[in-house]
Amino acid sequence: KLYPKLLWVADLRDEINDRKLERRVVEQAHFVSSVSGPILQDLATRNAPSAAGKLIEVRNGFDFEPIRSSEVARSRFILVFAGTFYGQSRPELFFEALLRFTRRRKLSPDQFEFRVMGGNPGLQIPPPLNPFVRVTKRVPYSELPNALAGCSAFLLILSDLGRRGVYSGKIFDYLAVNRPIVALANPFDVAADLIRDTQGGY
């Protein structure tokens, strides 16, 4: 209101828990952007009719040059999770599957490594998997491309809590490094759609 010649684009990367505040933002902004169609649809439903014609999808991305080479010259397969396990996006189910996989394939730590790249204090690793799991400190974003480039594949864990439209920012970093993504996610949500559309993993 103080600057009538300026257009206000309200970028709602994350959900506003205060519905009254959300409604005020949608009513007063000229445009409202968010990361995916399902989130925008929720905004439209909650804030009709003031949201009509205002909603724009602007996805997250990555802030480094894509790595084009798809070759990884390693005898050991390195699966990486970059970031922090939080909330319901936990690795317990993955660890259970990994334990079965290493036993069934009779793998040794020389053949397979699961690398957790990020601050994860208190991470509970099943003792039989300790030889296969390496936990490193958080990597600055400027160093992330080189750190990821030496890996074979990436792990993405997205909990299905009934809220659709969440990509997770790390999926775009993963795609930029041109390595397969192993996703534990809702197969009918946007992250799985993006992986299928880009042929970026499984």
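This is a predicted model: local features need pLDDT of at least 70, side-chain atom pairs count only at pLDDT 80 or more; totals for chains, interfaces and linings use all residues.
Numbering starts from 1 along each chain as its sequence is written, and side-chain values use heavy atoms, without hydrogens or water.

**View A. Five parallel strands make an open sheet.**
Reading across this sheet, the order is β6-β5-β4-β7-β8, and the pairing is parallel. The edge positions go to β6 (133-136) and β8 (181-184); each has a single partner strand, so one side of each has no neighbour in the sheet. From one strand to the next, the twist averages 25 degrees (axes are lines fitted to C-alpha atoms, for helices over the stretch in contact; angles run from 0 to 180 degrees between N-to-C directions). Packed on the sheet is helix α3 (residues 92-104), which touches β4, β5, β6, β7 and β8 (contact means heavy atoms within 4.5 Å). The direction of α3 makes about 165 degrees with that of β5.

**View B. Zoom in on two of the pairings in the five-stranded sheet.**
Strand β4 covers residues 77-82 and β5 covers residues 112-117. These two strands run parallel and share 6 bridges. To find your bearings, look for Leu 79: its bridge partner in β5 is Phe 114. How much of β4 is buried? The count is 5 of its 6 residues, so the rest of the structure largely encloses this strand (buried is under 20% relative accessible area, exposed over 50%, partly exposed in between; 1.4 Å probe, protein chains only). Over at β7 (residues 153-157), 4 bridges make the parallel link to β8. Here Ile 157 sits opposite Leu 184 of β8.

**View C. Three strands form another open, parallel sheet.**
The order here is β1-β2-β3. Strand β2 takes in residues 31-34 and pairs with β3 in the parallel sense through 3 bridges.

**View D. Helix α2 lies across β2 and β3.**
Residues 37-46 make up α2, and the helix runs at about 140 degrees to β2. Which of the α2 residues are buried? They include Pro 38, Ile 39, Leu 40 and Leu 43. The elements that cover the buried residues of α2 include α1 (19-28), β2, β3 and α6 (190-198). Follow the chain into the loop between α2 and β3 and you reach Pro 49. The peptide bond that joins Ala 48 to Pro 49 is cis, with omega about 0 degrees.

**View E. The largest pocket has a volume of about 560 Å³.**
Its lining has 24 residues, and those closest to the pocket centre are Tyr 86, Leu 158, Arg 163, Val 166 and Tyr 167. The lining splits into 10 nonpolar, 8 polar and 6 charged residues (nonpolar: Ala, Val, Leu, Ile, Met, Phe, Trp, Tyr, Cys and Pro; charged: Asp, Glu, Lys and Arg; polar: the others, Gly among them). On a 1 Å grid over the protein atoms alone, a pocket is an open set of points with protein on both sides within 12 Å along at least five of seven lines, a cavity is a set where a 1.4 Å probe fits but cannot get out, and lining residues have an atom within 4 Å of a point. Points are joined across faces, edges and corners, and volume is the space filled by probe spheres set on them.

**View F. The structure holds 1 cavity of 30 Å³ or more.**
The largest cavity comes in at about 70 Å³. Among the residues lining it are Phe 81, Thr 84, Phe 85, Tyr 86 and Ser 89. Leu 156, Ile 157, Leu 158, Ser 168 and Lys 170 also line this cavity. By class, that lining has 6 nonpolar, 3 polar and 1 charged residues.

**View G. Ser 168 and Gln 199 each have a positive phi without being glycine.**
For Ser 168, phi is about 80 degrees. You'll find Ser 168 in the loop between β7 and α5 (170-176). Is Ser 168 buried or exposed? Ser 168 is buried, at a relative accessible area of 15%. Phi of Gln 199 is near 55 degrees, and this residue lies in the segment after α6. Gln 199 is exposed, at 75% relative accessibility.

How values were computed:
Two strands pair if DSSP finds at least two bridges between them.
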